[in-house]
Amino acid sequence: MNIKKELIKREFAGEAILVPVGKTVYDSKGLFVLNELGNFIWDILLDVETTDDIVKRILEEYDTTEEEATKDTEEFLEKLRTLEII
Amino acid sequence: MVRKRSEEPRIVTYLHNKAGKLGLPVGATFELTSRCNFDCPMCYVHQCGKNAEARKRELTTEQWIDIARQAREKGTIFALLTGGEPFLREDFFEIYSAMKKMGFYISINSNGSLIDGEIRRKLLEDPPFRINISLYGGCAETYKNMCGTPMYEKVLENIKALKAAGVDVSLNVSITPYNKQDTEKIFNIASEIGVVAKAVSYMYPPIRINGEKFGENARLTPKEAAEYTVRWDLLRFSDEEFEMRAKSMREFADIERDECLGDISEGVGCRAGKSSLWLTWDGKMYPCGMMPKPVAYPLEVGFEKAWEYVNTEVKKIRLPSKCASCPKKNACFSCAAVCYTETGAFDRVPTYVCEQVDETISQMWDAYVSKSKKEVIE
């Protein structure tokens, strides 16, 4: 998937934080905090094409159902779309 | 309209609280230079006429980038680049860009006079989250009188250009004997441009450069400092807000306070040395720029050990027990740096501040009463 904004991921005391840089600062003045699953998805985002690809990778890593993983992934991707990050 | 204050985002507060508990420096100030093209008499870092001498002792580009890398490894996210005037460093953008690539959330303090041409172009390509510009007056004459240079128009032009380009600009206003007559003008300028303006009439004694003359500065008397605090509050608050503030202060209740200030207790109440630190232009580490004790030397012992020392020593500081039990502490702005710079000791009461706070409470009330009477007559 394509990431439209310039964001650098930082880790701080168990938190994953996205810091906007470059021209992204003009429209995203704050920091973005990722939860655990968001952090996992963020790290693989550039290597995947579809929601199904992400779900497959989640199921390899986490003890969860396909239904749950699909729901969480869609919610996370929707947030990224709302923020025009993807 | 001028925005009354800039509220700290919750994530910033959360990360500082977490960092404080874990003893990690999530915030750091990088004081890149003590040099300045202005010569303001109340400054705590720039020594008038000593730019050439200071330049020789400044950290190099590589040293700053290396120290930033070490800070990043230790968890620093929030970075304030300041001076002196940071844009006087020819390598400013080398340091800035390297830190941006490392993922720092960067703000800049500047006097605003040099942010034109190539500097502005480069800054707009990769802007900071915020640029805090000191606005010292509302006309060239006041600038000449206070800063030694009549650069008012230039500064104003640069502020407007940054704001128009979409950069988050905030104004810092220091009210002193040299510019007090421009207080209302400064407020109106901020309102017209539509930027946050934060004014202070209390000036820390500049003990880093004045040979430790504790309690001295080219500043207003406590009574005058109170007067200009009240004048600023009359400008920035609505009648209802002013009334609420005057009443709260009279009852010694909690009032809106700068996020820099913590609770007044016997230990250090703010973030200095607990979740944030200050790196000076010549390579020292302090808890805060106003508080040159405890001091550590990151170039000699490394960033991590320097931070551990500062963090440990700050916890040992004891502030006056009289302040911790003072009924007026919620209306007070004293802190460890205030106690030390005013008295030379952390545990001595800074009487200048007591006087200013007493005066502010009383003048706020008088102003509220006289406003109410005027309304009744009208």
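Residues are numbered from 1 along each chain as its sequence is written, while chains are lettered from A and ligands numbered from 1 in the order in which they are written. Because this is a prediction, local features need pLDDT of at least 70 and side-chain atom pairs count only at pLDDT 80 or more, whereas totals for chains, interfaces and linings use all residues.

Let us begin with chain B. Chain B holds 15 helices and eight strands; helices (H or I, at least four residues) and strands (E, at least two) are DSSP runs, numbered from the N terminus. Its radius of gyration is 20 Å, close to the 21 Å from the globule rule for 378 residues, so chain B is as compact as a globular protein of that length. That radius is taken over C-alpha atoms, and the rule is 2.2 Å times the number of residues to the power 0.38. The C-alpha trace of chain B spans about 65 × 50 × 40 Å along its principal axes.

How much of chain B is buried? The share is 45% of its 378 residues, where buried asks for 20 or more other C-beta atoms within 10 Å of the residue's own, with C-beta atoms placed from the backbone.

Helix α3 (residues 61–73) and helix α4 (residues 92–101) of chain B pack at an angle of about 20 degrees, with their axes 10 Å apart. Axes here are lines fitted to C-alpha atoms, for helices over the stretch in contact, and angles run from 0 to 180 degrees between N-to-C directions. This makes α3(B) roughly parallel to α4(B), a label for angles under 35 degrees. Thr61(B), Trp64(B), Ile65(B) and Ala68(B) of α3(B) meet Glu94(B), Ile95(B), Ala98(B) and Met99(B) of α4(B); two residues are in contact if their C-beta atoms, placed from the backbone, lie within 7 Å.

Now for chain A, which has four helices and three strands. Read from the N terminus, its elements run β-β-α-β-α-α-α. A compact globule of 86 residues would have a radius of gyration near 12 Å, and the 13 Å of chain A agrees. Its C-alpha trace spans about 40 × 30 × 20 Å along the principal axes, and 22% of the residues in chain A are buried.

Finally, the two chains meet. Their contact takes 17 residues from chain B and 14 residues from chain A. Helix α1 (residues 10–22) of chain B gives the most to the chain B side, with four residues.

Technical notes
A residue is buried if 20 or more other C-beta atoms lie within 10 Å of its own, exposed if 12 or fewer, and partly exposed in between; C-beta atoms are placed from the backbone. Angles under 35 degrees count as roughly parallel, over 145 as roughly antiparallel, 65 to 115 as roughly perpendicular and the rest as oblique.
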